[in-house]
Amino acid sequence: MDAAALTAEGKRLLGLQSVEAAQSIAVLDRAAHLDGGGEAAALVAVLAGAGAHTAQSWPMAIDYLTRSAELGWAPARAQLAMLSADRFLAAEANAAEPPADLWPPLRRSVDLRPWLTPAQP
């Protein structure tokens, strides 16, 4: 199966109210490691961030979001740029043709502490 077919199957499994829904992560993970699997990687990022059908993990969510950006998924690129603490790298990510080697440094510039720490009253 190609990435598009695996992504479609993973999305179908997510909609089920059974054990098969947990299998969606494995199917989407397979798609995320193929060319064209950007959407699948972005879906795994959301599921990992939410702890849906997998253990909740912000680092894993950001890793999959980075993979999605590397695969060219535009929404992931915009989300990663928004999360970045480095405005220069974020601006590069939002360019029409960002450099292919941009995504690992952009991922390293994400600091989740401000997003996860409640504001002081």
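Modeller: First a term: contact means heavy atoms within 4.5 Å. This is a predicted model, so local features need pLDDT of at least 70 and side-chain atom pairs count only at pLDDT 80 or more, while totals for chains, interfaces and linings use all residues. Residues are numbered from 1 along each chain as its sequence is written, and side-chain values use heavy atoms, with hydrogens and water left out.

Biologist: Fine. What is Trp-103 in contact with, leaving aside its neighbours within four places in sequence?
Modeller: Trp-103 is in contact with Thr-66, Ala-69, Glu-70, Arg-77, Leu-80, Ala-93 and Pro-98.

Biologist: And which residues touch the most other members of the largest nonpolar core?
Modeller: Leu-80 and Trp-103, in a core of 28 residues. A nonpolar core is a set of buried Ala, Val, Leu, Ile, Met, Phe, Trp, Tyr and Cys residues joined through side-chain atoms within 4.5 Å. Buried means under 20% relative accessible area, exposed over 50%, partly exposed in between (1.4 Å probe, protein chains only).

Biologist: Which elements give two or more residues to this core?
Modeller: α1 (3-14), α2 (19-32), α3 (38-50), α4 (58-70), α5 (74-83), α6 (87-93) and α7 (103-108). Helices (H or I, at least four residues) are DSSP runs, numbered from the N terminus.

Biologist: Switching to pairs. At what angle do the axes of α4 and α5 cross?
Modeller: At roughly 130 degrees, and the axes come within 8 Å. That makes α4 oblique to α5, because angles under 35 degrees count as roughly parallel, over 145 as roughly antiparallel, 65 to 115 as roughly perpendicular and the rest as oblique. Axes are lines fitted to C-alpha atoms, for helices over the stretch in contact, with angles from 0 to 180 degrees between N-to-C directions.

Biologist: Which residues make the contact?
Modeller: Ile-62, Leu-65, Thr-66, Ser-68, Ala-69 and Glu-70 come from α4, and Ala-76, Arg-77, Gln-79, Leu-80 and Leu-83 from α5.

Biologist: Stay with Leu-83. Buried or exposed?
Modeller: Leu-83 is buried, at a relative accessible area of 15%. Leaving aside neighbours within four places in sequence, Leu-83 is in contact with Ile-62, Leu-65, Val-110, Asp-111 and Trp-115.

Biologist: Last one. How do the axes of α1 and α3 cross?
Modeller: They cross at roughly 30 degrees and come within 9 Å. That makes α1 roughly parallel to α3. The contact is made by Thr-7, Lys-11 and Leu-14 of α1 with Glu-39, Ala-40, Leu-43 and Leu-47 of α3.
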